[in-house]
Amino acid sequence: MQTHEIVRRFTDHFVKAGHTPVPSASLILDDPNLLFVNAGMVQFKPYFLGQAPAPYPRATSIQKCVRTGDIDEVGKTTRHNTFFQMAGNFSFGDYFKAGAIEHAWNLVTGDLASGGFGFDPDRIWVTVYETDDEAIALWKRIAGLPEERIQRRDGKDNYWDMGVPGPGGPCSEIYYDRGPEFGKDGGPVVDEDRYLEIWNLVFMQDERGELSPKLGHPPIGTLPSKNIDTGMGVERVAYLLQGVANVYETDLVRPVIARAEDFSGRRYGASPEDDTRFRVIADHARSGVMIIGDGVTPSNEGRGYVLRRLLRRIVRSARLLGITEPVLKAFAEVVRDEMSPTYPELTTDFERISAVVEAEEEAFRATLSSGTRIFDTAVADTRSSGALVLPGDKAFQLHDTYGFPIDLTLEMAAEQGLSVDQDRFTALMQEQRSRAKADAAKHKVGHGDGTIYRAVLDTHGTTDFLGYTELVAEGTVVGLVVDGQSVPAAPEGSSVEVVLDRTPFYAESGGQQADRGVLRSGSFEVRVDDVQSPVAGLRVHRGVVTAGTATLDSSVIAEVDVARRAAISRAHTGTHLVHAGVRGALGTSAAQAGSLNAPGRLRFDFTSPSGAVSPTQLAEVEGEINAVLQENREIATYETSMDEAKRLGAMMLFGEKYGDRVRVVDMGDYSRELCGGTHVGRTGEIGLIKVLSEGSIGSGVRRVEALVGLDAFDYMSKEHLLVASLAEQLKAKPEDLPERINGLVERLRDAERDLEKHRAEAVLASAGSLAAQAEDLGGVSLVAVEAPAGLGGNDLRNLASDVRGRLGSAPGVVALFSSDGDKVAFVVATTAAARDRGLAAGKLIPTFAPAVGGRGGGKPDLAQGGGTDPAGVGAAIQQLREAVRG
């Protein structure tokens, strides 16, 4: 049975059972605890927690998931995958254990003709939480399972939560017995290779805190209702129903390996080492394409760093298979072709996806080239010291600074007859992870920090946002937080967080900065400096009590800073125009990757894998969007269904989670986009948009910065005054300034070249006098002196070579030092006769370099280096004399 057929049967089964089909959420959701969506229930979490009412009592989905905790293990076994599909059915206070068991059993063991999977019921085993007698009784009654095929397990195996604070509950897992040829008798508790888990039924009833019930800690509370969350591994079911050995041989994965076989000329199954590489390519290609499809681009932090690791591991694995040509686009094409029946957006958005992978591959190939040079230097240093182990610090530097994979370092070191200090490398990696974890914890705003806010939400409900139509509104204080604690009152001078039941204040979101303003009552006043939404549906006003004592249940007038809101709204609307203009100029591969909408200015980040936007293109975009401002188009904002928004062609941002109802900001045929921010009523209200700059902020991601409204006018006014001043000083018309300035710059460069030539001639002219200072040390002529200060390495080498030439064929050593501030450069040159005596330039440097706090090296005839202690030149010269004298 093909994978797409498995997905179809699963969905049909639950739709017939009254479940609403819900599309897969993006892999990128606004959840501070997760880099990527890792389970089917993630998009439903607010319903489980009671933060929002579920729009349907039952749902089913096929969720794309990425789990990255064991990237390094992928390929080494056939069990680890980063990307997988989780088929699930969900109940929000509707059916519970009996319903979940009945639905699953009917689908798993139902015959093919009736839409089931057709598994032999005699080969099905289940596990339950150790104290869940109810589940055991239900399995016996509904499925007729004998007691010997129902096994109890503790929380580590049969309690489920997300690994972070949130919903959880005991679970029951369904296993399929693959047969005695795959392992021991005795059920899942004995052998989970033979008995393969295919479906987990979670009886979602608890809320866990920082400590998990999986480890025996009690939940911190119960959920508002008893719910069902199940997850069936689509790929696992596929390889069982397709009669293959593992996920990598299923119909959607094996074609990627086949493409790698075509490239490499090697065959999967012929070599354990090569098999690992084939599996890495197959898994990571799927993950990479799906992650890019949801709007992530490679970078050096967060999700972008994970993506970069995945893509670079593919390139590295291909290299180890002997593939030297670019491959990422070809692998992405295979993933697109195989996965698009379920995810059609992979086809419609493939131009952008392929551009991202091509740009990253090109960048990494350059990294491999530069990293190889650094590696070669590290190998030379290791050998020169007589060691056979490459220091772990060097391996870590290659990995951390240059993106050089450690396994590639290990392989290349082995080829050079060296090992690597992996213990030191591992220790440095752990230190880095600890620092990152500590930093993340310091900045974390997640479920563990949201208990107070959720309590307010549970008691008073969501904050009613009035800010689209009102900037002054009456509200009631339903929550006060000081220093992380809920309080009944906050005196004057307190830094406070205020939650209102209704507010006109916009909370920072979607790149738009938060409103500022004031909350006033008859007895107190709070200056609002920031507004955030730490829990979905709640708006928290952060500021300072400037008068009186703020108290719970007080009625306040909430007043937004009107001028600031208007300026931000102009910038936000301007961002939509810039987005449309850039996309029109560059094509669909230019997708928004971030933004900032602040008073009077905007920042727009977008994917541009093909590289920089030309000044001409940027000028055309600026002219085009200002023309739209002059047209003074009406800007309509309205809510509609997601299907209708798609029909209208509204742009949607990657990674955003949209509901069934969406808000559209519509500027007619120029820009139509889903957005929850605030905007002006007509384009003419913006006044002017002035693009200041465009540049790279990462691999394949560019940034445009612009000024809006009066800030743009002020900038252009100052720019005009500057141009007028330059024109007056240079006695030229403004339009002639570029040519006049270019001429001045060229003349200045000519003058600098002449000066450099004269300076070099003056330096070389001193060669004769320096050679005359040679002293005889046991038959060796030594010239060891301070040359003129400030000489660069090239001048110093030329001068040393000239002095050496003047020493003739006799044994001679020349050492020149040149100071420049707190640094000193030095060069050593030797004649052939000196080298015959064993006086090699590269070997002489270590005898004196420490005296100037430096190091260096080079060839026997010429070597150079530098130091940080010019005061030690005299001591260095004396140590060199002793070395030459022997």
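**Notebook: helices and a surface patch**

I began with the overall make-up and found 26 helices and 35 strands in the protein, where helices (H or I, at least four residues) and strands (E, at least two) are DSSP runs numbered from the N terminus. I noted that this is a predicted model, in which local features need pLDDT of at least 70 and side-chain atom pairs count only at pLDDT 80 or more, while totals for chains, interfaces and linings use all residues. Residues are numbered from 1 along each chain as its sequence is written, and side-chain values use heavy atoms, with hydrogens and water left out.

Next I looked up the extent of the C-alpha trace, which spans about 105 × 75 × 55 Å along its principal axes. Of the 886 residues, 50% count as buried (under 20% relative accessible area with a 1.4 Å probe and protein chains only; exposed is over 50%, and partly exposed lies in between).

I then turned to a pair of helices. The axes of helix α8 (residues 272-293) and helix α9 (residues 302-320) come within 9 Å and cross at roughly 150 degrees, so I recorded α8 and α9 as roughly antiparallel to each other (angles over 145 degrees, on a scale from 0 to 180 between N-to-C directions).

Last, I looked at the surface, where Leu722, Leu726, Ile741 and Val745 form a nonpolar patch with about 290 Å² of accessible area together. The elements that give two or more residues to this patch are α20 (710-730) and α21 (737-765). Patch residues have over 30% relative accessible area and no salt bridge, and nonpolar side chains are joined within 5 Å; a salt bridge is a side-chain nitrogen of Lys or Arg within 4 Å of a carboxyl oxygen of Asp or Glu. Ile741 is found in helix α21 and is partly exposed, with a relative accessible area of 33%.

Note on methods
Patch = residues over 30% accessible without salt bridge, like charges linked within 9 Å, V, L, I, M, F, W, Y side chains within 5 Å. Areas by Shrake-Rupley, 256 points an atom, 1.4 Å probe, with all protein chains shown as cover. Parallel < 35°, antiparallel > 145°, perpendicular 65-115°, else oblique.
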